[in-house]
Amino acid sequence: ERHRCGDLQAFDEVYARFAEMVYNLAVRLSGNREEAADLTQEIFLRIYRHLGSFAGRSTLKTWVFRIAVNHCRDRLSRHVPAMQSIDDGVEEEGMPIADPGRGPEDLAVAADEGRRVTTGLARLPQVFREAVVLRDLEGLSYEEIAEVLGVRVGTVRSRIARGREQLRLLLEREL
């Protein structure tokens, strides 16, 4: 409402609140950090252009996620980037991520499992990947996912179950 009234800080608040979540979603759907950065910029450009039309029929969070998922679908269906590991255990500056509570062996195992899950997610059909990412990685409720994807809650439950099962089978084959 503030954005509609010309308050320029309203968009800044939306960006501050959702930028990290949108970027993480884009990384998980595209599998590529550079692609995700581009997607995030494009998504927030769309949000800026359409923020005045947000009617409040859903939460702002689900509205933002819906724009993000739809934009990722559209862009990634036209341009399939080369997949790369999104969790290689290294921060942007090239320094290993430290966890003082875990030893080197635990960190190596966790990094390997992260790479395997990332590779498995990239191999899932898009509809299953979206549902699993939104539920298991982004923490949205079934109702929020249904709203974001524009499907019924039963469909969300089915996609998550089928996506998890396919991911489990993919991971078991790699052992």
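Reply: Let us begin with burial: a residue is called buried when its relative accessible area is under 20%, exposed when over 50%, and partly exposed in between. The model shown here is predicted.

Me: Is Phe11 buried or exposed?

Reply: The relative accessible area of Phe11 is 13%, so Phe11 is buried. Tyr48 has 38% relative accessibility and therefore counts as partly exposed.

Me: How many aromatic pairs does a search of the whole structure find?

Reply: The search finds four aromatic pairs. In one of them, the ring centres of Phe11 and Tyr48 are 5.0 Å apart. Planes over 60 degrees apart count as edge-to-face; the planes of this pair stand at 85°, so the pair is edge-to-face.

Me: Which parts of the chain does this pair link?

Reply: It links distant parts: Phe11 belongs to helix α1 (residues 9–30) and Tyr48 to helix α2 (residues 33–50), with the two residues 37 apart. Ring pairs also join Phe11, Tyr15, Phe44 and Tyr48 into a cluster.

Me: How is the pair of Phe54 and Trp63 classed?

Reply: This aromatic pair is tilted, with 55° between the planes and 5.1 Å from centre to centre. Phe54 and Trp63 are both buried.

Me: Which charged ends sit over the ring of Tyr142?

Reply: For Arg, the reading considers how far CZ lies from the ring centre, with a limit of 6 Å, and its angle to the ring normal. The charged end of Arg135 sits over the Tyr142 ring at 4.6 Å from the centre, and that of Arg157 sits over the ring of Tyr142 at 4.3 Å from the centre.

Notes. Residues are numbered from 1 along each chain as its sequence is written. This is a predicted model: local features need pLDDT of at least 70, side-chain atom pairs count only at pLDDT 80 or more; totals for chains, interfaces and linings use all residues. Side-chain values use heavy atoms; hydrogens and water are left out. Rings of Phe, Tyr and Trp (its six-membered ring) pair if their centres lie within 6.5 Å; planes under 30 degrees apart count as stacked, over 60 as edge-to-face and the rest as tilted. Helices (H or I, at least four residues) and strands (E, at least two) are DSSP runs, numbered from the N terminus. Buried means under 20% relative accessible area, exposed over 50%, partly exposed in between (1.4 Å probe, protein chains only). A charge sits over a ring if NZ of Lys or CZ of Arg is within 6 Å of the ring centre and within 35 degrees of the ring normal.
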